[in-house]
Amino acid sequence: MGQFEHPNIIRLEGVVTSSTPVMILTEFMENGALDSFLRLNEGQFAPIQLVGMLRGIASGMRYLAEMSYVHRDLAARNILVNCNLVCKVSDFGLSRFLEENSSDPTYTSSLGGKIPIRWTAPEAIAFRKFTSASDAWSYGIVMWEVMSFGERPYWDMSNQDVINAIEQDYRLPPPPACPTALHQLMLDCWQKERSSRPRFAQLVSSLDKLIRNPASLRIVARDGAGPSHPLLDQRAPHSASFGSVSDWLQAINMSCYEENFSSAGLSSFELLSQISSE
């Protein structure tokens, strides 16, 4: 950490080695971890502000990639936010220096140890191959977390279900009110072929264009824009099987939205059936 010097990388101030436990001292980030900060402030930021946060994270990751470091644990929980809403990449416990002098250096981890499945690229899960391209996949998940204000990726699907779904080309759909251009960037990050994923320099450039043209953020992705997934479809029981909207929401693991349905007056299946895409 001591060699990193970038406005979007957490700054190491010093270490305490004279007592146990040994500790590191970093700059103070008033708003804590990005995922919990977004959940506490759901709906409080405009898309342009969220894109600004994402741009900062991408800039920090571009710096790491240029220094030949792979983070391996990029997630909103490992991004810290200061009082000015500046986001900084943190938690380098799994980071590794890539020593190969090739155009696509790879770090192969030893067997054992936990992998954060929901944030990890398929080739890193299957073969333990980590690159800046696998970090780009993780960055796509971070984008989804930010635009959904800290929602858990893949909701309550099991890790094995997530692996199976990704293998069958399922990708996370756009969060509510997510600009189409941002969801497309996420899908670019989730390309199965790692060589097809954008590099962090390209991601920074794409986000800069969106920031310079805020009107482009008004085009919102429609729910269901992502590829359908039979695993999920099979698990969605027909509403006629249930006695109430509440029972139905619980059965499809969406009971956390019961209050939203209730406040919108959606108390019967007849009313549900009349919902339009708008």
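Student: What share of the residues of the protein counts as buried?
Tutor: Keep in mind that this is a predicted model. A residue is called buried when its relative accessible area is under 20%. Among the 278 residues of the protein, the share that counts as buried is 42%.

Student: And how many helices and strands does the protein have?
Tutor: Let's go through the secondary structure together. It comes to 11 helices and 8 strands.

Student: Which residues touch the most other members of the largest nonpolar core?
Tutor: That core has 62 residues. There is also a second, separate core of 5 residues, with Val245, Trp248, Leu249 and Leu266 among them. Back in the largest core, the residues touching the most other members are Leu34, Ile57, Leu64, Val89, Tyr139, Leu182 and Leu207.

Student: Let me pick Tyr139. Which residues is Tyr139 in contact with, leaving aside its neighbours within four places in sequence?
Tutor: Contact here means heavy atoms within 4.5 Å. With those sequence neighbours set aside, Tyr139 is in contact with Leu54, Arg55, Ile57, Ala58, Leu74, Cys189, Phe200, Leu203 and Leu207.

Student: How many aromatic pairs does a search of the whole structure find, and what is the geometry of Phe4 and Tyr63?
Tutor: The search finds 7 aromatic pairs. Phe4 and Tyr63 have ring centres 6.4 Å apart and planes at 80°. Planes over 60 degrees apart count as edge-to-face, so the geometry of Phe4 and Tyr63 is edge-to-face.

Student: Is Phe4 buried or exposed, and what about Tyr63?
Tutor: We need the cut-off of under 20% again. Phe4 has 8% relative accessibility, so Phe4 is buried. Tyr63 has a relative accessible area of 15%, so Tyr63 is also buried.

Student: What kind of pair do Phe4 and Tyr69 form, and which cluster do the ring pairs make?
Tutor: The ring centres of Phe4 and Tyr69 are 5.2 Å apart with planes at 90°, so this pair is edge-to-face. Tyr69 lies in strand 3 (residues 69-70) and Phe4 in the segment before strand 1, so the pair ties together parts 65 residues apart in sequence. Ring pairs link these residues into a cluster of Phe4, Tyr63, Tyr69 and Phe92.

Student: Why are the buried residues of helix 6 on the same side?
Tutor: The buried residues in helix 6 (residues 180-189) are Leu182, His183, Leu185, Met186 and Cys189. An α-helix has 3.6 residues a turn, so residues three or four places apart point the same way.

Student: What covers the buried residues of helix 6?
Tutor: His183, one of these residues, has a relative accessible area of 3% and is therefore buried. The C-alpha atoms of His183 and Met143 are 8.4 Å apart, although the two are 40 residues apart in sequence. The cover includes helix 2, helix 4 (132-147) and helix 7 (200-212).

Definitions and conventions:
Residues are numbered from 1 along each chain as its sequence is written. This is a predicted model: local features need pLDDT of at least 70, side-chain atom pairs count only at pLDDT 80 or more; totals for chains, interfaces and linings use all residues. Side-chain values use heavy atoms; hydrogens and water are left out. A nonpolar core is a set of buried Ala, Val, Leu, Ile, Met, Phe, Trp, Tyr and Cys residues joined through side-chain atoms within 4.5 Å. Buried means under 20% relative accessible area, exposed over 50%, partly exposed in between (1.4 Å probe, protein chains only). Rings of Phe, Tyr and Trp (its six-membered ring) pair if their centres lie within 6.5 Å; planes under 30 degrees apart count as stacked, over 60 as edge-to-face and the rest as tilted. Helices (H or I, at least four residues) and strands (E, at least two) are DSSP runs, numbered from the N terminus.
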